[in-house]
Amino acid sequence: MIAWEQLDTDTRAAVAALLRQHPDFERWQARGKGTDQGLTAFLEASTWPDDIRKDQRFYTAGDEEPTPTLAGFPDMERRLNWHYVDRPLNRGGDLQSSPGTIDRQLGALAQTLASRKAKPSERAYALPWIIHLVADAHQPLHAASRYGRDGRSDNGGNALAIINPYNSRHPSMSLHRYWDDLPGPPWLRNSRLEDAVRRLTERYSPPASSGTPTQWLDESWRIAREHAYPPGDESVPTIGAEFHDRALEIANRRVIAAGYRLADLLQRLLR
């Protein structure tokens with residue numbers, strides 16, 4: 001929604017027209033229940049690459065057999081490795097290469113969206129991924145991992161269990177989920193979402209520069225190195241008040257930066 005509010009009229013119209021051609025457009029309208037179909041599609045498309053993880057129409061490569069390709073999709077692969085890149089926070093040793101490809105996919109998807117030669121279905125498929133991956137690129141633990149002495153990654157904090165006393169319903173979670181949840185719950189809709197966006201945009205300034213995907217990931221990596229992991233050497237650390245306050249401030253600033261930068265990117269690609 002931060003990005004939508006920054007888009008000019010022509011880009012909003014172009015975005016809405018592309019999303020209308022996506023095979024899941026009607027599903028998004030039913031789920032979002034908004035009065036502005038363009039905005040509803042934009043918001044629902046932003047979580048679509050995560051939503052398909054539990055969608056039986058899709059499959060996970062390497063774990064499941066491919067499912068039948070439905071009209072409008074290039075295939076039904078969930079593409080879990082597009083969401084991240086595990087850049088090591090601690091150097092040295094024989095580190096496993098990261099299976100994540102967000103650094104490459106953002107560039108490839110941007111080219112597709114901007115191409116006048118690409119099919120409308122290809123551009124409509126690329127757009128939700130761009131919306132989602134711009135946000136992922138601003139998440140510290142989508143750009144970094146700690147590696148053990150054996151060279152194995154903790155998968156962006158997914159393998160590190162923590163105790164989060166600030167989540168009464170799910171106090172036990174991974175460090176990765178803790179950071180993913182900080183900007184706000186995925187069920188925010190309508191007036192609650194509008195209120196959250198208003199509070200953020202009133203409190204935080206736009207980023208100093210639009211930058212590039214490479215720069216966004218570099219920023220996230222540096223934040224992860226300095227701030228993403230709780231202090232101490234407990235096997236299951238408990239999140240403390242000072243750490244939580246700093247993490248929440250970082251998450252708020254990153255979601256603001258992602259929103260403004262997404263708007264700028266879409267206006268350049270769809271100009």
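Colleague: Which residues does Ser-145 touch, not counting residues up to four places away in sequence?

Modeller: In this predicted model, Ser-145 touches Asp-86, Arg-87, Pro-88, Leu-89 and Asn-90, as well as Ser-153, Asp-154, Asn-155, Gly-156 and Tyr-229. Ser-145 itself is found in strand E2, residues 144-145.

Colleague: Why is Ser-145 called buried?

Modeller: Its relative accessibility is 0%. Buried means under 20%, so Ser-145 counts as buried.

Colleague: What makes the pair of Ser-145 and Asp-86 a polar contact?

Modeller: Their side chains are joined at 2.8 Å. The limit for such a pair of N or O atoms is 3.5 Å, so the distance qualifies.

Colleague: Where is Asn-167 placed, and why does Asn-167 count as buried?

Modeller: Asn-167 is in the loop between strand E3 (161-163) and strand E4 (172-174). Its relative accessibility is 19%. Because the cut-off for buried is under 20%, Asn-167 counts as buried. The side chain of Asn-167 also reaches the backbone nitrogen of Arg-169 at 3.2 Å.

Colleague: What is noted about the phi of Arg-79?

Modeller: Arg-79 is not a glycine, yet its phi is positive, at about 55°. Most residues other than glycine have a negative phi. Arg-79 is found in the loop between helix H4 (37-51) and strand E1 (87-88). At 14% relative accessibility, Arg-79 is buried, because the value is under 20%.

Colleague: Asn-190 also has a positive phi; why is Asn-190 called partly exposed?

Modeller: The phi of Asn-190, which is not a glycine either, is about 50°, and this residue lies in helix H8. Its relative accessible area is 43%. Buried would require under 20% and exposed over 50%, so Asn-190 is partly exposed.

Colleague: Which elements give two or more residues to the lining of the second largest pocket, and how many residues line this pocket?

Modeller: The lining has 13 residues, and Pro-183, Ala-196, Arg-199, Leu-200 and Asn-252 lie nearest the centre of the pocket. The elements giving two or more residues are helix H8 (190-203) and helix H10 (241-269). H8 provides the largest share, five residues. By class, the lining has eight nonpolar, two polar and three charged residues. The volume of this pocket is about 220 Å³.

Colleague: What makes Ala-258 a buried residue, and which residues is Ala-258 in contact with beyond its neighbours within four places in sequence?

Modeller: Ala-258 lies in helix H10. Its relative accessible area is 8%, which is under 20%, and therefore Ala-258 is buried. Beyond those neighbours, Ala-258 is in contact with Val-134, Ala-135 and His-138.

Colleague: Which residues have the most contacts inside the largest nonpolar core?

Modeller: That core has 53 residues, and those with the most contacts inside it are Val-15, Phe-42, Ile-130 and Leu-266. Its largest share, nine residues, comes from helix H6 (residues 120-137). A second, separate core of 20 residues includes Leu-141, Leu-182, Trp-221 and Ile-250.

Note on methods: Residues are numbered from 1 along each chain as its sequence is written. This is a predicted model: local features need pLDDT of at least 70, side-chain atom pairs count only at pLDDT 80 or more; totals for chains, interfaces and linings use all residues. Side-chain values use heavy atoms; hydrogens and water are left out. Helices (H or I, at least four residues) and strands (E, at least two) are DSSP runs, numbered from the N terminus. Buried means under 20% relative accessible area, exposed over 50%, partly exposed in between (1.4 Å probe, protein chains only). A polar contact is a pair of N or O atoms within 3.5 Å; within protein, one must be able to donate a hydrogen and the other to accept it, and residues adjacent in sequence count only if both atoms are side-chain atoms. On a 1 Å grid over the protein atoms alone, a cavity is a set of points where a 1.4 Å probe fits but cannot get out, and a pocket is an open set with protein on both sides within 12 Å along at least five of seven lines; lining residues have an atom within 4 Å of a point. Grid points are joined across faces, edges and corners, and a volume is the space filled by probe spheres set on the points. Ala, Val, Leu, Ile, Met, Phe, Trp, Tyr, Cys and Pro count as nonpolar, Asp, Glu, Lys and Arg as charged, and the others, Gly among them, as polar. A nonpolar core is a set of buried Ala, Val, Leu, Ile, Met, Phe, Trp, Tyr and Cys residues joined through side-chain atoms within 4.5 Å. Contact means heavy atoms within 4.5 Å.
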